[in-house]
Amino acid sequence: MAPLTPYTFIQCPCSDPSTLARSGDVAPSDADDDDRTFDPRAPRANFSLYPLEYLLYCEDCHQIRCPRCVAEEIVTYYCPNCLFEVPSSNLKSEGNRCTRSCFQCPICIGPLSVTSLESQPDPNLLAAPDHTAAPQAGPYILTCSYCNWSSTEVGIRFDKPNSIHAQLAKLRNGGEVRLTAKERRERRKEALQSGPVGAPAASEGDNGDLDIETQFANLKTFYQTQLADSNPGGNGLSLGDPGFASPNSLSRIMSIYTGGSLHDKKAKSRVGTMREALDSDEGLQIADLDETDAIKMLHEEGCDGTLSTEQLRNQPPHLGGAHLHGRSRFTSELRPIPYLLRTKRSKRCPICRHIISKPEPKMQSTRFRIRLVAGSYIPSITVRPLNVPGGTPAAPPETLRPLQPAQFLLTFKNPIFETVRVTLATPATTPGRFASKVTVLCPQFQIDANTDVWDEALKDNDRDRRRRKGDDGPSQSSSSASAQLQGQGGTHQAEAGKIWERGRNWVSIVVEVVPASLRLDLLPLIAKLAGDGAEEKVNVSPLKEDEDLLEIPMFVRIEWEVEGGGDEVGAAPSRDREAKEKKELAYWCVLGLGRVGQA
């Protein structure tokens, strides 16, 4: 089994029952017990524990914010291929896709490039005195440099090397031109004018299938006309006018109750009927249930020639496909995929709406204008196994021995410029079926401010100067003392109530654990020794997944003092401005120490 590196996860307060009760999301009865121990094996814990690098911090609320509880706002839309900003007004009409010449391969999702099908060069240009090269002429195609797929496999070629998106929207597979609704109406009008008098005009639906966009536009126009014809007086509500607060809508609502009588036969006769669509110009599409061609192609290409679920999902229906209504079935019908747009988002605190993260609006920049990460406000916690005789941290063991004491070194590093006081609290035994004993040797300590390195160097020079003068007493750091002790051949022993080592802005303490035994046959005996009928509640089911993982829930409370806000309007006198304001932060964290081996 590979060794497990010790880790530290921090719980976001958004999933705390007491926090949810104060916000009104859950009943107060569910959060009465605020002092209960956090259980890292609970189902809710999977969605509330994060590494320190994933968390943000709100300076106004003085609380930790995770990716699940922040409120996101879109700053800008952009294409990940050409890095051009896309206005939000074009999103609805273009289907959240790039409208330039940015396409992906439908087979391997690689970028497609526009290339020219070079024709025979003109001999007159080759004999030109200035020796100019023959320009690349059309037609143009989209090619993939990874899987060698090209748009010629579906019969699509372009006349111009730019505006590929607009040209592709007018082409079907095979090179057939896709008529828009306006072009269909113009052709129908020309057929009516050029044909004999009284002869019915030919419908475009008789010669080809309607695509999704054209059919939807025709149906929308047809039903809007039917609604207008069935209600010429405007006494009823209009489905196309959702503004019920407007004066016209209010007058129509009042006319329903005051305008007519129940016995008015003329009012009943004014109710119109709506007919169905009759031709393709009105949105009629005859269903083609003949699957002979699809079955024949399936026999020829086999299952490997059919589309996968991911390929079918990536096909944009608004650009039209080979099959009816844009639904492709085989890989030979795949079309180029326009790049899906990406967004840059800012994040706000859900309580005070304070901005805690805001990126630069420029597409080429990866910087942030505002970025309040939690690692810049709360101390980081690192866990390492402790090797007591040598005084240096040892490599992480493969497994922890059951019922054998093990010591770990917790290092807290202060990132802020104020001295913080830390208070730790852990349960005597870890929650779960296998209860391991936990002891924090130094639960209360103080971490110095994160001062400049040069200030620390000046302090060391002053200390050395006093030592040379014989004026230096016992005021030396614990790190230098431990170094001298190790140099003399002594051992640095962990003691209760004392820190292990101290630095400029960090402190190391020792945590001692006694892993529980994983033998299931000992559970009834342990419960019987505990008494109070606990043996009746013992669960002797087989060992579950990750149940041998030793995780310690730890409650961390941080206190520090900052200068009071004396620059605000109506602030206290200058004497009170020097008074400091006390701040505090409390949260749960989980220390993963390793896996417990079998007895």
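**Close-up views of a predicted model**

**View 1. Tyr339 and the residues around it.** Leaving aside residues up to four places away in sequence, Tyr339 touches Cys79, Pro80, Asn81, Asn96, Arg97, Cys98, Cys102, Phe103, Gln104 and Pro111. The model shown here and in the views that follow is a predicted one. Tyr339 itself is placed in the loop that runs between strand S10 (337-338) and strand S11 (342-348), and with a relative accessibility of 11% it counts as buried. One of the residues it touches is Phe103, which is 236 residues away from Tyr339 in sequence, although the two C-alpha atoms are 5.5 Å apart in space.

View 2. The structure holds 6 aromatic pairs. One of them is formed by Phe38 and Trp588, whose rings are tilted, with 6.3 Å from centre to centre and 35° between the planes. Phe38 lies in the loop between helix H1 (17-23) and strand S2 (49-50), while Trp588 lies in strand S22 (residues 580-595), so this pair ties together parts of the chain that are 550 residues apart in sequence. Both Phe38 and Trp588 are buried, the relative accessibility of Trp588 being 16%. Phe555 and Trp588 also form an aromatic pair, here edge-to-face, with the centres 5.3 Å apart and an angle of 65° between the planes. Because Phe555 lies in strand S21 (residues 549-563) and Trp588 in strand S22, this second pair ties together parts that are 33 residues apart in sequence. Phe555 is partly exposed, with a relative accessible area of 27%. Phe38, Phe555 and Trp588 together form one aromatic cluster.

**View 3. Two arginines placed over phenylalanine rings.** Arg100 lies over the face of Phe84, at a distance of 3.9 Å from the ring centre. An arrangement of this kind is also found for Arg371, which lies over the face of Phe368 at 4.6 Å from the ring centre.

**View 4. Strand S17 and its pairing with strand S20.** Strand S17 (residues 437-440) has a covered face, made up of Val438 and Val440, and an uncovered face, made up of Lys437 and Thr439. S17 pairs with strand S20 (residues 506-514) in the antiparallel sense, over 4 bridges. Thr439, which belongs to the uncovered face of S17, has Glu512 as its bridge partner in S20.

View 5. A search of the whole structure finds 0 disulfides. For Cys147, the closest cysteine sulfur is that of Cys105, at 3.4 Å, which is too far for a bond, because a disulfide requires the two sulfur atoms to lie within 2.5 Å. Cys147 counts as partly exposed, with a relative accessibility of 31%, whereas Cys589 counts as buried, at 0% relative accessibility.

**View 6. The chain as a whole, as the setting for the close-ups.** The chain has 14 helices and 22 strands, and of its 599 residues 33% count as buried. Among the contacts between residues at least 6 apart in sequence, 68% join residues that are at least 24 apart. The accessible surface of the chain comes to about 37,100 Å², and 51% of that surface belongs to carbon and sulfur atoms.

Methods:
Residues numbered from 1 in each chain as written. Predicted model: local features only at pLDDT ≥ 70, side-chain atom pairs only at ≥ 80, totals over all residues. Heavy atoms only, no water. Helix = DSSP H or I, 4+ residues; strand = E, 2+ residues; numbered from the N terminus. Buried < 20%, exposed > 50% of the residue type's maximum accessible area, 1.4 Å probe, protein only. Contact = heavy atoms within 4.5 Å. Areas by Shrake-Rupley, 256 points an atom, 1.4 Å probe, with all protein chains shown as cover. Phe/Tyr/Trp six-rings, centres within 6.5 Å; stacked < 30°, edge-to-face > 60°. Lys NZ or Arg CZ within 6 Å of the ring centre and 35° of its normal. Pairing = 2+ DSSP bridges.
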